[in-house]
Amino acid sequence: MARYPTVLLDLDHTLFDSDESERQAFRRALAAEGVEEPERHLDAYVHINTALWASVERGERSALDVKVRRFAELVDACAVDADPQRLADEFVAGLGACGELYPGAAHALDALAGAATLALVTNGLSEVQRSRIDRLDIGAFFATVLISGEVGVAKPSTAFFDLAFERLGGPDRAGALVVGDSLSADIAGGTAYGVATCWYNPHGRHAGSHPIDHEIARLDELPALVRGEPA
């Protein structure tokens, strides 16, 4: 019997290289609109996008609201001569088409699927995350996939985890583990819901005051942790 027979896994920055996907999609979107040197606007975009998704986590706006708003703010902030709606549409298509799983992610999923029931729990837009899941062929690993843009609530909301556990058939929280890179969404959300947490921290960041049950730097550490085997 696994130590954690139920595992809720994040997607972006945990299994999937979202940074590279975002860089490629951003260049593609701005180039399609005739913007020269798209890379010079990337830092401004990241700042705007990060702030908007933080407001989603706080329940102040929906994931769908972020799609065009981030480009409307970018156009204003950087005086970019482009239509925000067209930028948003091209960018979303690029996010689904660009980027790969982190090295070792597929192997970890295969090992985990033999030890526990898996759920994919992600904040994001439905069209982006569904495109990625289909392209990367990882849907079969998960008993359920919960995407904030589809359900109208986001991590770290208790309502989000309520939906996840309902879809999983109400497993015992004592045997559940939330795994993700985000202290504010994954770790805080899991802690507030009364389940164990595992922080994926490949860059050696400091957790500050966040309580964390487990921490890993590599995805290949996760299967042994879930099974309860010595490190």
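1. Start with the loop between α1 (18-32) and α2, because E37 sits there and counts as exposed at 56% relative accessibility, over the 50% cut-off. This is a predicted model, so take the backbone angles below as computed values. E37 has a positive phi of about 50 degrees, although it is not a glycine. Most residues other than glycine have a negative phi.

2. You'll find A79 in the loop between α3 and α4 (84-97). A79 is exposed, with a relative accessible area of 67%.

3. The peptide bond leading from K155 into P156 is cis, and its omega is near 15 degrees. P156 is part of the loop between α7 (148-151) and α8 (158-167). Most peptide bonds are trans.

4. Now the helix pair. Helix α2 (residues 42-57) and helix α3 (residues 63-78) have axes that come within 9 Å and cross at roughly 145 degrees. The crossing is right-handed. On the α2 side the contact is made by A44, Y45, I48, N49, L52, W53 and V56. On the α3 side it is made by A63, V66, R69, R70, F71, E73, L74, A77 and C78. By type, the contact residues of α2 and α3 come out as twelve nonpolar, one polar and three charged.

5. Is A77 buried or exposed? A77 lies in helix α3 and is among the residues contacting α2, yet it counts as exposed because its relative accessibility is 59%, over the 50% cut-off. A77 and I48 are 29 residues apart in sequence, and their C-alpha atoms are 9.5 Å apart in space.

6. On to the sheet. Six strands make an open sheet with parallel pairing, in the order β3-β2-β1-β4-β5-β6. β3 and β6 (214-216) are the edge strands, and each pairs on one side only. From one strand to the next the twist averages 20 degrees.

7. What does T6 touch, apart from neighbours within four places in sequence? T6 is in contact with A116, T117, L168, P171, G175, A176 and L177. T6 counts as buried because its relative accessible area is 7%, under the 20% cut-off.

8. β2 and β3 run parallel and are joined by four bridges, and I147 in β3 is the bridge partner of T122. β3 is covered on both faces: T144 and L146 on one side, and V145 and I147 on the other, are all buried. Helix α6 lies across β2 and β3, running at about 150 degrees to β3.

9. Last, the nonpolar cores. The largest has 32 residues, and L9, L15, F142, L177, L222 and V226 touch the most other members. β1, α5 (105-113), β2, α6 (126-136), β3 (144-147), β4, β5 (196-200) and α10 (222-227) each supply at least two residues of this core. α5 gives the most, with four residues. Leaving out residues up to four places away in sequence, L15 touches L9, D10, L101, Y102, A105, L109, L120 and F142. There is also a second, separate core of 26 residues, which includes V66, L95, V128 and A154. V66 is a link back to the helix pair, being one of the α3 residues that contact α2.

Note on methods
Residues numbered from 1 in each chain as written. Predicted model: local features only at pLDDT ≥ 70, side-chain atom pairs only at ≥ 80, totals over all residues. Heavy atoms only, no water. Axes fitted to C-alpha atoms, helices over the stretch in contact; angles between N-to-C directions. Left-handed = near helix turned anticlockwise from the far one by under 90°. Contact = heavy atoms within 4.5 Å. Nonpolar A, V, L, I, M, F, W, Y, C, P; charged D, E, K, R; others polar. Buried < 20%, exposed > 50% of the residue type's maximum accessible area, 1.4 Å probe, protein only. Core = buried A, V, L, I, M, F, W, Y, C linked by side-chain atoms within 4.5 Å. Pairing = 2+ DSSP bridges.
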